[in-house]
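Let's sit down together and learn how to read a protein model, one feature at a time.

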Amino acid sequence: MTRLDAALLERIPQFKPEWRETLHRMREHPAAPVWNTEVGDRVGLDDARWVAWFEEELHRKRGGVDAGPPDGLLQWIRELAPRSVYFRERLAGLNPDRDFARIKPMERADLGGSLARIIPEDADLDRLVVNPTSGTTGAPLLCPNHPRAVACYDPMIQFALRRHGLNALYDHTKIAALQVCAQRRTTVYATVHSYLNGAGFAKINLDESGWRRAEHAADYIREMAPQFLSGDPWAYVELMRVAPQARAGALLSTALTLGPALRTQLEMHFGCPVVDVYSLNETGPIGYSSPEYPQFFHQLPTDLYLEIVNAAGDPVPDGEVGDLLASGGRNPYLPLLRYRTGDRARIVSRSGTRGDPALLFELIEGRTAVFFRDGAGRRINPIDSGRILRQYPIIQHQLIQRRDFSFDLSLLIAETPPLPPALETRLLGELGELFGETTQIRISYDLDLAGRKPTPYVCELESG
């Protein structure tokens, strides 16, 4: 076995010789981007069996849900209490069967400051991988995860795609998907997925700096002929410009709110359904857009318990808007106990629709796609500014572009404000490089939303 083969098998333990041709075709294509990292699913045979069981449960347990925690969740909580310092503290003096709604909700700050107390004390950390959150509203969370939990994204995504009419078959002769980004800098890679029988997957970035020739992005997408595309609404708008002839069986939209007008535009342009997926790094996928009512989401996994509560953590009646909480999950390193997602929602129907009886809910305050522009009128993805802000001790931020192209940046920082002068000067310099050195950027430290997510990006300019 060569050193290359050994490294490949470490990243993709179930890799088969016949998959090599697909991986080579993606990586070495004349129009391929300049790859900057290598990844793999790290899914072994035991993991694959577990994911297959999860997929069975995904279908078998679909159905209406009651307004209280299910017995399985309560049993899971009782089993975790002796093994997690955090669970013991939150359950002190409470009986989860009787007092579930009295359990103090888990906050985002708990994941940042009490992570070692949340992880079960007997957890085997040998398989731990770390997935930092995107940090759309502040500092990223270093979320520990397990390869088998990450691999469960695949069956959930395929379930959502099938519900929207894409019944694709996957093997090592096909490219399953291209994840499309539109950022100044991000990781780009090509790999294969064990769950999809060796089908290819690549993450690409449409920014021209990552390609050898300007036309290569469109050429690569056409030549790979993916079964579906994945990306956020911002990236799809850029895709219409960079590769207007791109085609796929479906568009999977994530990370940002997909408005109805843009959904219609994308479906007409690309000639395929658009499937909106609501997901957090802390939880994995939570919901997918209903084919019958695309403005609403069906709950996707069956191992999460969702509830809508008021500011005090008390459940609100169905139909009323409140904070969305999630409990449970499949990540052995991050058990969630009434975790505040930071998003607001309302329950539309506990019995779903004819096509899927799973819980139907509506997100009220999503993460809306925003377009910034520099002084020359060029579009700038707010994620690029978020990438800069994540390098500083910032808990949350809100960046507003005014009609005169200037910016107001409001910060909540980890220590007593303001930032040290040298740090603030460096931050302004990095943002100036992104938006243009003559762009005025004003910093304030008055962001205080009592733990709720701010609207991270606002642009008063007309977007187009």
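**Reading the model together**

A: A salt bridge here is a side-chain nitrogen of Lys or Arg within 4 Å of a carboxyl oxygen of Asp or Glu. This is a predicted model, in which local features need pLDDT of at least 70 and side-chain atom pairs count only at pLDDT 80 or more, while totals for chains, interfaces and linings use all residues. Residues are numbered from 1 along each chain as its sequence is written, and side-chain values use heavy atoms, leaving out hydrogens and water.

Q: Is glutamate 57 buried or exposed? And what does lysine 61 count as?

A: The general idea is that side chains of opposite charge can pair when their charged atoms come close. To judge the surroundings, we call a residue buried under 20% relative accessible area, exposed over 50%, and partly exposed in between (1.4 Å probe, protein chains only). Glutamate 57 is buried, with a relative accessible area of 9%, whereas lysine 61 is partly exposed at 47%.

Q: How many salt bridges are found in the whole structure?

A: A search of the whole structure gives 33 salt bridges. Another one joins aspartate 323 to arginine 344, again with 3.2 Å between the closest N and O atoms. Aspartate 323 lies in strand β12 (residues 322–328) and arginine 344 in strand β13 (residues 336–349), so this pair ties together parts that are 21 residues apart in sequence. Aspartate 323 is buried at 10% relative accessible area, and arginine 344 is buried at 17%.

Q: Which helix holds both aspartate 384 and arginine 387?

A: Both lie in helix α14 (residues 382–389), three residues apart, which is about one turn of the helix. Aspartate 384 is buried at 2% relative accessible area, and arginine 387 counts as buried at 18%. Elsewhere, salt bridges that share partners join Glu107, Asp323, Arg340 and Arg344 into one network.

Q: Now the sheet, please. What is the order of its strands?

A: Strands of a sheet pair through backbone hydrogen bonds, either parallel or antiparallel. Here two strands count as paired if DSSP finds at least two bridges between them. This open sheet has 12 strands in the order β4-β5-β3-β6-β7-β8-β9-β10-β14-β13-β12-β11, with mixed pairing. β4 (189–193) and β11 (304–309) stand at the edges with a single partner strand each, so one side of each has no neighbour in the sheet. On average, neighbouring strands are turned by 35 degrees against each other, direction ignored. Such angles run from 0 to 180 degrees between N-to-C directions, using axes that are lines fitted to C-alpha atoms, for helices over the stretch in contact.

Q: Which residues of β11 lie on each side?

A: In a regular strand the side chains alternate between the two faces of the sheet. In β11, Leu304, Leu306 and Ile308 are on one side and Tyr305, Glu307 and Val309 on the other, and all are buried. β11 pairs with β12 in the antiparallel sense over six bridges, where isoleucine 308 stands opposite leucine 324.

Q: What does β6 pair with, and in which sense?

A: Strand β6 (residues 228–231) pairs in the parallel sense with β3 (residues 175–181) over four bridges. Alanine 177 stands opposite phenylalanine 228 in this pairing. β6 also pairs in the parallel sense with β7 (residues 251–253) over three bridges, and glycine 231 stands opposite serine 253 there.

Q: Where does helix α10 lie?

A: α10 lies across β4, β6, β7, β8 (274–280), β9 (284–289) and β10 (297–299), and runs at about 0 degrees to β9. Contact means heavy atoms within 4.5 Å. Helix α10 (residues 153–163) is mostly covered, with nine of its 11 residues buried. Glycine 165 follows α10 and has a positive phi, near 100 degrees.

Terms used. Helix = DSSP H or I, 4+ residues; strand = E, 2+ residues; numbered from the N terminus.
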